[in-house]
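Below are my notes on this model, as numbered points. Please read them with the coordinates open.

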Amino acid sequence: MAEMQAGGVPVLGKRRLGQKTWSESKKLWHIAAPAILTSVLQFTIGFVTVAFVGHLGTVELAAVSVVQNVIEGFVFGIMLGMGSALETLCGQAVGAGKFHMLGVYMQRSWIITCVTAILLAPVYIFTTPILKLLHQTDEISEVAGKYCIWVLPQLFGYAVNFPLQKFFQSQSRVWAMAAISSVALALHGLLNWVLVTKLGHGVIGAAMAGNISWWFIDLAQFIYLVSGFFPDAWTGFSLSAFQALGNFIKLSLSSAIMLCLELWYFTAVILLVGSLKNAEISVDAISICMNFQFWAFMITLGFNAAISVRVSNELGAGHANAAKFSVVVAVSTSVVFGLLFMSIVLLTRSDFPKLFTDKPVVVRETSKLGYLLAATILLSSIQPVLSGVAVGAGWQALVAVINIGCYYVIGLPVGALLGFKFKLNTLGIWSGMLLGTVVQTVILIWITLRTNWHKEVFCAEERIRTWGGPSEHQGEN
């Protein structure tokens, strides 16, 4: 008989569970760690731009900040979402051992993201009138418009970059992306110092530095792609990329809608806060909270990428129970970090705002949001991971519908009601946002718990068989 513990639990069974959990944790961290590092490094590229532009003047700083938060934020969400269909398809193809599909899948995604970039280009071209319609000052709008024209190449850089990243992630080859991003960040800092500080090219110099840095990332990743590290997954360009685009476009649109609804939710919250009395103080307070939440979110974003890869790989391989177990390990690990960040907020809620401001009134307003921020961070350790599960399993359309209901039917209206009607101001608006996130998280947990993973394996097999297109089918015969 197996060695027994008190209560009749086999010691051997516990050891096997521990070994299985440790093995799955290593697989998750192998993807999550470089994904977190890559996200931080690429985010810091924008931060460095703002730091250099900030020394040019308040108008230049405001203009570039508005472009990054409004124009690029809008475009970035759409482009990243359109490229995220690749997470589902490449991940499941890897699990099924159909590596020959990956290169064609990525080329299809390039076609879709490049067409999307062309359609979004007018947003950059007409930035000045768009910002004037949004009641920005003429001076800021003019400088922002000039800057946007010069950063247009970055839009097409995103179109190339996102499919490449998903291609690498699906095969758990992500450390190269982190290394490339670290070199790009150093290059970006040097270029800004030369073009903005030394040569005095102002915001145009900052735009040129950003273009070079993002296209350096693309070029370096493409060299890595064609250097022989992916002999089965990349066999060169193919006309097959233009086949079977219909279903690919549908999944890409679902992914974009799902992601954009989440990103724009926070933008809408800031716009609501900006309509309050004493809006400057309120916006400062909520911006500080969101900045702190964003750094905590970086950790969760790594687990979002990791669980998407793990679930799609295991479903593609036909391992239903392994996919389910991966979800449990990923959520549990992310929650540990959520509890850690939540504790930091609760213990320092009167002090952490001082890292961002020395204005006593802003510190007080931010401290009032401490408990809500702590709860939001805890929820944010669960919700993005479950969204990653949805991407890995191909549930993007379902989650998009859930996001509409939770965020825009519940969260924002309740926040507006509490903030304006009941005079709770920022506290009320954030409470509404939190309520929407709570409802969404509960629904995603309920869906995940009730998921028939064996059925999802069948769906993955069907997707690989029917979405690959005729060329892949012929290649298998």
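1. Ser-381 sits in the loop between α14 (370–380) and α15 (383–393); helices here are DSSP runs of H or I, at least four residues, numbered from the N terminus.

2. The model is predicted: local features need pLDDT of at least 70 and side-chain atom pairs pLDDT 80 or more, while totals for chains, interfaces and linings use all residues. Residues are numbered from 1 along each chain as its sequence is written, and side-chain values use heavy atoms, without hydrogens and water.

3. Ser-381 has a relative accessible area of 1% and is therefore buried (under 20%; exposed is over 50%, partly exposed in between; 1.4 Å probe, protein chains only). Leaving aside residues up to four places away in sequence, Ser-381 touches Thr-300, Ser-334, Val-335 and Gly-338 (contact: heavy atoms within 4.5 Å).

4. In the largest nonpolar core, of 71 residues, Met-79 and Leu-225 touch the most other members. Such a core joins buried Ala, Val, Leu, Ile, Met, Phe, Trp, Tyr and Cys through side-chain atoms within 4.5 Å. Apart from this core lies another, of 66 residues, including Cys-289 and Val-457.

5. Beyond four places in sequence, the contacts of Leu-225 include Met-106, Trp-110, Phe-168 and Trp-234.

6. Trp-150 belongs to helix α6 (residues 138–150). Its relative accessibility is 39%, so Trp-150 counts as partly exposed.

Notes:
Helices (H or I, at least four residues) and strands (E, at least two) are DSSP runs, numbered from the N terminus.
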